[in-house]
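Subject: The structure for you to look at

Hi,

Here is the structure I promised to hand over. Have a look around it first, then read on for what turned up.

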Amino acid sequence: MAGSAEARWDRKALRFAIGYPVLLALGFGLASLSFHGRVPDPVAWQWDANGGRAFIPFAAYLVGGAALVAVVGALLCVQAALLTRPPISRRIFMAGGVGMSMFLTTVLAAGLIGQDGVPARASHPDPIVLAMGSGATVAFSVVMLLSFKPEEQWSPKDEAALLDELEPERAASTFVYWTHARSSVFVMLSIIGISVSLLLLVLSWWISLALTAAAALTAASLVARVRVSPESVDVRLAGVVPVLRFDPARVLRAEFETVRARDFGGWGYRRRGQSRSVLVASGEAITVILDDGRRATFSGRDGDTARRVVDVLRAASGA
C-alpha cells in the first residue's frame, strides 16, 4: 500500500500543496487579531450599496475565513501532486490553488479593513486593498504557473511501455477508449446552454444559470471513458464519474450488437432492476451478463472496438 501511495503522489508537491494554504490561513488569522479592538463586533460579511447587510461575530469571521482559505486552497493545490495527471494539468491546478487562496485572503482582508473605525452597517470593503491584492494574486499565479515544474517520475505511460515488453498478450488486452454522442447533439446543447441562456438573463439570472448547468451536465453524460483489462472493466461518465465496474472473470456471456438507446431508457446512465446501461448514442454496444444476475450494456464506440472488448471478456472468463 505504501508503494502504491508513493507511486501516485509527488510528496514534495503535496507538502507545499497543503502547507502553503494552511500557512496563509494562519497568517490571515494572526494579522486579523490585530484589528480586534478596531473593528465592530459583530462584523459585516455581506454588503450592498448602502453598507453592511449581514453580520457575524468577529471570531466566526476570523475562524471561518481562515478555514475557507486553507480548505479551498488545499483542495485545488493537492490536485497538482497527483502523478496521474498530465504535467500541464498539474501546473494549472497549482497556480489556480495558490491564486484562489490568495484571492480569498484578499477579499476577507478588504472586508475587515473596510470596517476599521467604521460602524459595520455603514462599512464597505476597502477598494485599495482589494485592487492591490487582486493584482498581486494574478501576478503570483502566473509566476507559479511558469515556475512550477512537475518532477519527471514513473508514469502510467512508462508502466504501459514496460507491460508491452514483459507481457505483450496482456498488454494487448488492456486499453482505454472514449465514446461520445454525435457532434450535432453537442452543437444543439451549446446553443441551448449559451445562446438561450444569454437571452434568459433578461428575465432571471438564476434561470439562465440553471439552464446552462443543465446543458453542461447533459453534455457530460454523453461522453464516457471505458477502461478494459483482464482484471476489470471500468466505465466513467465524462471520464470522471464512475457508473459501471465489473470483473471480467464473472462474465457468463458477452456479445456486441447494434442497440437503440431508447430501448434502455435513453442516453446516459440508466438503471432498471438488475440491468445497467451506459449509452452515449444508439449504435454498437457491448452487453454482458454476470454470474450474480446483473446485466450491463455500454457503448462500444464502433464495431471494431466492441469486438475487441468482447474478445477480452470472453478470454478472461472462458465464456
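Let's start with strand β9, which is mostly covered: four of its five residues are buried. One thing to keep in mind throughout is that this is a predicted model.

**The sheet around β9**

β9 belongs to an open sheet of five strands, ordered β7-β10-β11-β9-β8, and the pairing in this sheet is mixed. At the edges you'll find β7 (251-259) and β8 (268-272), each of which pairs on one side only. Neighbouring strands here are turned by 15° against each other on average, if you ignore direction.

What does "mixed" look like in practice? As background, strands of a sheet pair through backbone hydrogen bonds, either parallel or antiparallel. β9 shows you both kinds. With β8, β9 runs antiparallel, and five bridges join the two. With β11 (residues 295-299), β9 (residues 275-279) pairs in the parallel sense over four bridges.

- Arg270 stands opposite Ser277 in β9.
- Arg276 has Ala296 in β11 as its bridge partner.
- Val278 stands opposite Phe298, which is also in β11.

Also look at the hairpin made by β8 and β9: there are two residues between the strands, and Gly273 takes a positive phi near 60°.

**The other sheet**

There is also an open sheet of four strands, in the order β3-β4-β5-β6, with antiparallel pairing. β3 (175-180) and β6 (241-246) stand at its edges with a single partner strand each, so one side of each has no neighbour in the sheet. On average, neighbouring strands in this sheet are turned by 20° against each other, again ignoring direction.

β5 (residues 233-237) pairs with β6 in the antiparallel sense over five bridges.

Now go back to the five-stranded sheet. α10 packs on that one as well, touching β7, β10 (283-290) and β11, and its direction makes about 170° with that of β7.

**The nonpolar cores**

The largest nonpolar core has 25 residues, and those touching the most other members are Val235, Phe246, Ile286, Val288 and Phe298. Elements giving two or more residues to this core are β3, β4, β5, β6, β7, β10, β11 and α10. α10 gives the most, with five residues.

Leaving out residues up to four places away in sequence, Phe246 touches Ser232, Val233, Val251, Val288, Leu290, Arg294, Phe298 and Leu313. A second, separate core has 14 residues, including Ala25, Ala66, Ala70 and Leu112.

**Salt bridges**

How many salt bridges does a search of the whole structure find? The total is ten. The general idea is that side chains of opposite charge can pair when their charged atoms come close.

Asp10 and Arg90 meet through their side chains, at 3.0 Å from N to O. This pair links distant parts of the chain, 80 residues apart: Asp10 sits in the loop between α1 (2-8) and α2 (11-33), and Arg90 in helix α4 (residues 87-113). Are they buried or exposed? Buried means under 20% relative accessible area. Asp10 has 3%, so it counts as buried, and Arg90 is buried too, at 3%.

Arg245 and Asp234 form another salt bridge, with their closest N and O atoms 3.6 Å apart. Arg245 is in strand β6 and Asp234 in strand β5, eleven residues apart. Here the two ends contrast: Arg245 is exposed, with a relative accessible area of 52%, whereas Asp234 is buried at 6%.

Then there is Arg260 with Asp263, whose side chains meet at 3.2 Å, N to O. Arg260 is partly exposed at 43%, and Asp263 is partly exposed at 40%.

Last stop: Arg250, Asp291, Asp292 and Arg294 are linked in a network of salt bridges. You have already come across Arg294 among the residues that Phe246 touches.

Enjoy exploring!

How values were computed. Residues are numbered from 1 along each chain as its sequence is written. This is a predicted model: local features need pLDDT of at least 70, side-chain atom pairs count only at pLDDT 80 or more; totals for chains, interfaces and linings use all residues. Side-chain values use heavy atoms; hydrogens and water are left out. Two strands pair if DSSP finds at least two bridges between them. Axes are lines fitted to C-alpha atoms, for helices over the stretch in contact, and angles run from 0 to 180 degrees between N-to-C directions. A salt bridge is a side-chain nitrogen of Lys or Arg within 4 Å of a carboxyl oxygen of Asp or Glu. Buried means under 20% relative accessible area, exposed over 50%, partly exposed in between (1.4 Å probe, protein chains only). Contact means heavy atoms within 4.5 Å. A nonpolar core is a set of buried Ala, Val, Leu, Ile, Met, Phe, Trp, Tyr and Cys residues joined through side-chain atoms within 4.5 Å.
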